[in-house]
Structure formats: C-alpha cells, structure tokens
Amino acid sequence: MPKQTQKERKQLVRELIDRQPYNRLFDAADVEAMNDLCGWNFLKYVRIHNPAYPTDTRCVAHADYDKNFVVWSWNRAISGGPILNQALRRAIQPHMRLNATGSPDFCAHCKSQDFLTLDHMTMPFSVIVAEFIKHHSEVFEGLGNKEDGGGWYIADPVLEEAWVDFHAQNADYQVLCRSCNASKGVKNAVQKSR
C-alpha cells in the first residue's frame with residue numbers, strides 16, 4: 001500500500017472521529033488506527049466536547065502515562081508541527097508531572113476546576129527554548145523519531161540533560177484551565193492574581 005498523504009490521513013482521522021460517540025473510549029482497532037494515522041502510540045482515546053472551542057466537533061483526548069486524559073491536537077500530530085518543541089516538551093514531561101503533583105486543583109485566573117493545565121508563568125516556554133538554542137544550536141541535529149510512533153525526542157543524552165537542567169532553572173508554573181491558557185497568549189502571561 002502506498003504511503004498516504006497528510007491530506008488523506010487527516011480525512012481518515014476525521015471519519016474515524018465522526019463515528020465515535022462522545023465520552024466513550026475508542027475500541028482497540030480504532031486506537032490502533034488513530035496511532036498509525038497520527039504517528040503516536042497512546043493507549044486510549046476519547047472524543048470530547050471542546051470547552052475552549054465549542055464548534056470543534058472533532059476534539060480528542062488521549063490518556064497520558066498517568067492515565068489522565070488530556071486534549072491533544074491530532075491535526076498537528078499529522079502535520080508534524082514544530083518537531084523541536086515536541087522533542088523539548090517530551091524531555092521535560094517528568095519534571096512537569098512532578099510539579100503538577102503538588103499544584104492547586106483550580107485555575108489561578110478564573111478558579112475553574114475543569115480541563116486544567118500546568119503552564120509556564122514568568123518566562124513562557126518559547127522564551128526558555130529561544131534562550132537554550134542561543135547556546136545549544138546543535139539541538140536541531142540531535143533529534144530522533146521513535147520507531148514505535150512515540151514522536152520526536154532529543155537523541156543525545158548529554159544534550160537532553162543540558163536542556164532539562166536549563167528548563168528547570170528557568171521555569172516556574174501556574175495552573176490554568178485550557179480556556180485561560182489559550183486566551184493569555186505568550187506575551188500576556190496570566191499571573192496568580194486572584
């Protein structure tokens with residue numbers, strides 16, 4: 001079978017999502033198909049109503065490694081998105097999970113308890129990345145893509161350790177709901193004000 005184009009894969013994912021009922025787990029065959037089409041390797045998917053974008057009828061959440069469901073952009077996964085950001089975010093996931101464990105269970109801005117995310121507070125992630133790249137431009141050559149569909153990662157363990165340490169030294173966090181996180185943008189970081 002010839003390799004499918006991005007357009008063809010996106011259409012197949014749309015069809016797959018459209019036949020899913022809301023708030024029910026995909027069956028095993030559809031999980032496998034979703035993983036194959038998107039190039040990831042998640043264990044579970046569920047179609048949900050997107051609270052940030054009510055007109056989005058194809059919002060999908062996947063189970064992360066802690067078995068919590070997180071909203072995820074299947075469209076960006078197929079398009080490739082910024083692969084460097086994907087690799088850098090993957091490397092800091094253990095640190096982010098550790099910080100999320102002791103975090104409040106409500107949004108720092110609106111106090112919502114729904115669809116919470118851990119967000120960079122003082123220095124946005126993109127700024128931390130830009131500062132790191134100034135000193136480690138070799139990171140662009142040090143990326144790999146997991147054969148199991150797990151996505152992009154930093155292949156050089158020394159470079160990965162440098163990134164994780166740099167990020168830990170420069171990151172502080174706040175809990176935001178997805179809506180507040182989406183509306184703040186990079187320039188307008190929402191501070192813990194209420």
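Modeller: The secondary structure of the protein comes to seven helices and seven strands, where helices (H or I, at least four residues) and strands (E, at least two) are DSSP runs numbered from the N terminus. This is a predicted model, in which local features need pLDDT of at least 70 and side-chain atom pairs count only at pLDDT 80 or more, whereas totals for chains, interfaces and linings use all residues. Residues are numbered from 1 along each chain as its sequence is written, and side-chain values use heavy atoms, with hydrogens and water left out.

Colleague: What percentage of the residues of the protein count as buried?

Modeller: Buried means under 20% relative accessible area, exposed means over 50%, and partly exposed lies in between (1.4 Å probe, protein chains only). The accessible surface of the protein comes to about 11500 Å², of which 52% belongs to carbon and sulfur atoms; such areas come from the Shrake-Rupley method with a 1.4 Å probe, and for residues only the protein chains shown count as cover. Of the 194 residues, the buried share is 36%.

Colleague: How are α1 and α2 oriented to each other?

Modeller: Helix α1 (residues 6-18) and helix α2 (residues 28-38) pack with their axes 10 Å apart, at an angle of about 155°. Axes are lines fitted to C-alpha atoms, for helices over the stretch in contact, and angles run from 0 to 180 degrees between N-to-C directions. Angles under 35 degrees count as roughly parallel, over 145 as roughly antiparallel, 65 to 115 as roughly perpendicular and the rest as oblique. The orientation of α1 to α2 is therefore roughly antiparallel.

Colleague: How many nonpolar residues does the contact of α1 with α2 have?

Modeller: Contact means heavy atoms within 4.5 Å, and here R9, L12, V13, L16 and I17 of α1 meet D30, A33, M34, L37 and C38 of α2. Ala, Val, Leu, Ile, Met, Phe, Trp, Tyr, Cys and Pro count as nonpolar, Asp, Glu, Lys and Arg as charged, and the others, Gly among them, as polar. The contact of α1 with α2 has no polar and two charged residues, and its nonpolar residues number eight.

Colleague: Is the crossing of α4 and α6 left-handed or right-handed?

Modeller: Helix α4 (residues 83-101) packs against helix α6 (residues 157-170) at an angle of about 55°, with axes 10 Å apart, which means that α4 is oblique to α6. A crossing is left-handed if the near helix is turned anticlockwise from the far one by less than a right angle, and right-handed if clockwise. For α4 and α6, the crossing is right-handed.

Colleague: Which residues of α6 does α5 meet?

Modeller: The axes of helix α5 (residues 125-135) and α6 come within 10 Å and cross at roughly 130°, so the two helices are oblique to each other. On the α5 side, the contact is made by F125, I128, V129, E131 and F132. Their partners in α6 are L159, A162, W163, F166, H167 and N170.

Colleague: Which residues is C180 in contact with, leaving aside neighbours within four places in sequence?

Modeller: C180 is found in helix α7 (residues 178-184) and counts as buried because its relative accessibility is 8%. Its C-alpha lies 9.5 Å from that of L116, although C180 and L116 are 64 residues apart in sequence. Beyond those neighbours, C180 is in contact with C107, H109 and C110.

Colleague: Does N23 count as buried or exposed?

Modeller: N23 lies in the loop between α1 and α2, and has a positive phi of about 65° although it is not a glycine. Because its relative accessibility is 55%, N23 counts as exposed.
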